[in-house]
Amino acid sequence: MTPPAGLSRDFDEVMRKAIEVASSAEASDDVPVGAVVVGADGQLIATGHNLREANHDPTAHAELVAIRSAASALGSWRLDGCTLAVTLEPCTMCAGAIVLSRLSRLVFGAYDAKAGAVGSLWDVVRDRRLNHRPEVVGGVLADETGILVRDFFVAHR
């Protein structure tokens, strides 16, 4: 695996940016999940954090917000060569969007035993029956990204 130019070998730098973006979700009372899309050159293209509560939109997951923003910025729904980094393992909806947007790489932090669709419950993005399968790098800064979600739910229960 060769990371895009400008990213550290283990993707810590891009995940730290996603962690930074996740903090924006807390202000809207959304689960603090952050996502960033970077180009093949490692340059930041788009960011997104959960906006489900803020926008009253069940599809406003961090990944979809970032993917939509990246597609708009690039003027194309095809995100070939791009990497999506997200603090939590994507759900089935987001995993499907990752495949459909043709992202080249998915990097995620904490695994999600309750809804994860990139290895925990399902493995949508690596399903051989689909027409696109991005490279997957999971567990990047998993302790740090997992604490974000755990602390949120401890405070909200």
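Reader: Leaving aside neighbours within four places in sequence, which residues is tryptophan 77 in contact with?

Author: This is a predicted model, in which local features need pLDDT of at least 70, side-chain atom pairs count only at pLDDT 80 or more, and totals for chains, interfaces and linings use all residues. Residues are numbered from 1 along each chain as its sequence is written, and side-chain values use heavy atoms, with hydrogens and water left out. Contact means heavy atoms within 4.5 Å. With neighbours within four places in sequence set aside, the contacts of tryptophan 77 are Ala71, Leu100, Ser101 and Arg102.

Reader: Is tryptophan 77 buried, partly exposed or exposed?

Author: Buried means under 20% relative accessible area, exposed over 50%, and partly exposed in between (1.4 Å probe, protein chains only). The relative accessible area of tryptophan 77 is 46%, so the residue is partly exposed.

Reader: Which helix does threonine 145 lie in?

Author: Helices are DSSP runs of H or I with at least four residues, strands are runs of E with at least two, and both are numbered from the N terminus. Threonine 145 falls within residues 142-155, which form helix α5.

Reader: Is threonine 145 buried or exposed?

Author: Threonine 145 has contacts beyond four places in sequence, among them Met15, Ile19 and Thr87. Its relative accessible area is 0%, so threonine 145 is buried.

Reader: How many disulfides are there?

Author: A disulfide is a pair of cysteine sulfur atoms within 2.5 Å. The closest cysteine sulfur to that of cysteine 91 is in cysteine 94, and at 3.8 Å it is too far for a bond. Cysteine 94 is likewise in no disulfide. By this rule the count is zero.

Reader: Is cysteine 94 buried or exposed?

Author: Cysteine 91 has a relative accessible area of 15% and is buried. For cysteine 94 the relative accessibility is 0%, so this residue counts as buried.

Reader: How many charged residues are in the lining of the largest pocket?

Author: On a 1 Å grid over the protein atoms alone, a pocket is an open set of points with protein on both sides within 12 Å along at least five of seven lines, and lining residues have an atom within 4 Å of a point. The largest pocket is lined by 22 residues, including Val31 and Asp112. Ala, Val, Leu, Ile, Met, Phe, Trp, Tyr, Cys and Pro count as nonpolar, Asp, Glu, Lys and Arg as charged, and the others, Gly among them, as polar. By class, the lining has eleven nonpolar and four polar residues, and the charged ones number seven.

Note on methods:
1 Å grid on protein atoms, 1.4 Å probe; cavity = no way out; pocket = protein on both sides within 12 Å on 5 of 7 lines; lining within 4 Å.
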